Amino acid sequence: MTRPAIPFIDLATQQKRIRAKVDAAVARVLDHGQYILGPEVAQLEAEMAAFSGVKHAIACSNGTDALTLCLMARGVGPGDVVLCPSFTFASTAEVVAQLGATPFFVDIEEGSFNLSPASLRAALDHAREIGMKVVGLISVDLFGQPADYDSLEPIVEEAGIWLLCDAAQGYGGVYKNRKVGTIGDFTTTSFFPAKPLGCYGDGGAIYTNDDDTAALLRSLLFHGKGSDRYDNVRIGMNGRLDTIQAAILIEKLALFPEEIVSRNAVADRYENGLSNVLTTPRIAEGSTSVWAQYCVRAPGKNRGAILAKLAEAGVPTAVYYPKPLHQQTAYRDFPTAPNGLPMSEEVAQDIFALPMHPYLDASTQDYIIDQVAEAVRAA
Ligand SMILES: *Cc1c(COP(=O)(O)O)cnc(C)c1O
């Protein structure tokens, strides 16, 4: 039996649904010619703010710049220490180091792959003991699930530091009736094409309920502009989102709520089919994940053999992340939580991701489930 190639993420089916609308939207931008900060950017920002129930949505160039802009808004620089997980995409720590500050790596929890409150507490105590100036925490909503904010927030509050939520993978999620985007001092996301809400290029956004922070971010992403673009009141950067990408995102945002439901149906089917075969992801009571990735673990099994067998069967997989940041060449000299990062190191050994997107049909998914079960049994 030959079956069509299974995509790991299927952007083509979504594009078929909206192609005519996207073509028309791009044509409108070409007609009005306002390629930079055209009306679609403001429209997208208003729609995202309404979608998330947040006062300010600020579109920007990408998810990495979104993080950088937030750090710049808090004046982060040399001598400052910012806590963050090690088991994440490099951007989370890169932005801290890029500004001359020090990322301080904290461990994750077993079930959620998100920040461990116990490790965070230990890291803060240790930093205080040795006189480090901790200014903030970047939490990550890894693989689409919001971090454990009920546990993180009191720690952040007691320490008197800011909280930046890196929701590059988690935008659209909900944490106990609080929408992602409304949590922390600010939240960032990425519209990289493969993210749950992606554009057709680079893009990102920042969400905040604070008026002053929003105004500061808008200045920073436009070269530190003051009353107009040739009045520079601070050092900023070029961090704008293109109008064409905003026009595309307006069409994609319209599909997003329905796609989140479909992603969760796919996750449920995996859970039913695989929970007695390997370790499936745990979503906290009251939380909704947007399933940027569906990551499973096969502890004690040969991951390489499993992935090779799946590749043979035409089931694409990926490993997020094969090496935590504190073990990477560029990051290994930065400080880590005093008890080490055992969970980050353990998870990196046996985690892998299965195809996940809103258009995965049941029969293809059942084939994937059967192949995964067989590969795990054989490994
Ligand atoms: C993708 C990602 C980013 C960076 O987003 P870009 O738009 O690619 O710059 C940052 N943090 C996390 C956790 C990500 O997954």
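1. A cavity is a set of points, on a 1 Å grid over the protein atoms alone, where a 1.4 Å probe fits but cannot get out; a pocket is an open set with protein on both sides within 12 Å along at least five of seven lines; lining residues have an atom within 4 Å of a point. Grid points are joined across faces, edges and corners, and a volume is the space filled by probe spheres set on the points.

2. The model is predicted, with local features needing pLDDT of at least 70 and side-chain atom pairs pLDDT 80 or more, while totals for chains, interfaces and linings use all residues. Residues are numbered from 1 along each chain as its sequence is written, and side-chain values use heavy atoms, with hydrogens and water left out.

3. The second largest cavity has a volume of about 60 Å³. Among its lining residues are Phe113, Phe143, Arg282 and Trp291. The lining divides into 7 nonpolar, 4 polar and 1 charged (nonpolar: Ala, Val, Leu, Ile, Met, Phe, Trp, Tyr, Cys and Pro; charged: Asp, Glu, Lys and Arg; polar: the others, Gly among them). Domain 1 (11-252) and domain 2 (255-378) both contribute to this lining, so the cavity lies between them; the domain bounds come from an automatic or database assignment.

4. The structure holds 3 cavities of 30 Å³ or more. Of its 14 lining residues, Leu11, Gln14, Pro196, Arg263 and Pro358 are the closest to the centre. Two or more residues each come from α1 (11-32) and α8 (243-274), and α8 gives the largest share, 3 residues. Helices (H or I, at least four residues) and strands (E, at least two) are DSSP runs numbered from the N terminus. By class the lining has 6 nonpolar, 3 polar and 5 charged residues.

5. The largest pocket has a volume of about 440 Å³. Of the 24 residues lining this pocket, those closest to its centre are Phe89, Gln169, Ser190, Phe192 and Lys195. Both domain 1 (11-252) and domain 2 (255-378) supply lining residues, so the pocket lies between them.

6. UniProt lists Lys195 for "modified residue: N6-(pyridoxal phosphate)lysine" in an unreviewed entry; such annotations may be inferred rather than shown by experiment, and positions follow the numbering used here, with feature names shortened. Lys195 sits in the loop between β8 (186-190) and β9 (204-208). Lys195 is buried, with a relative accessible area of 18% (buried: under 20%, exposed: over 50%, partly exposed in between; 1.4 Å probe, protein chains only). Leaving aside neighbours within four places in sequence, Lys195 is in contact (heavy atoms within 4.5 Å) with Ala168, Gln169 and Ser190.
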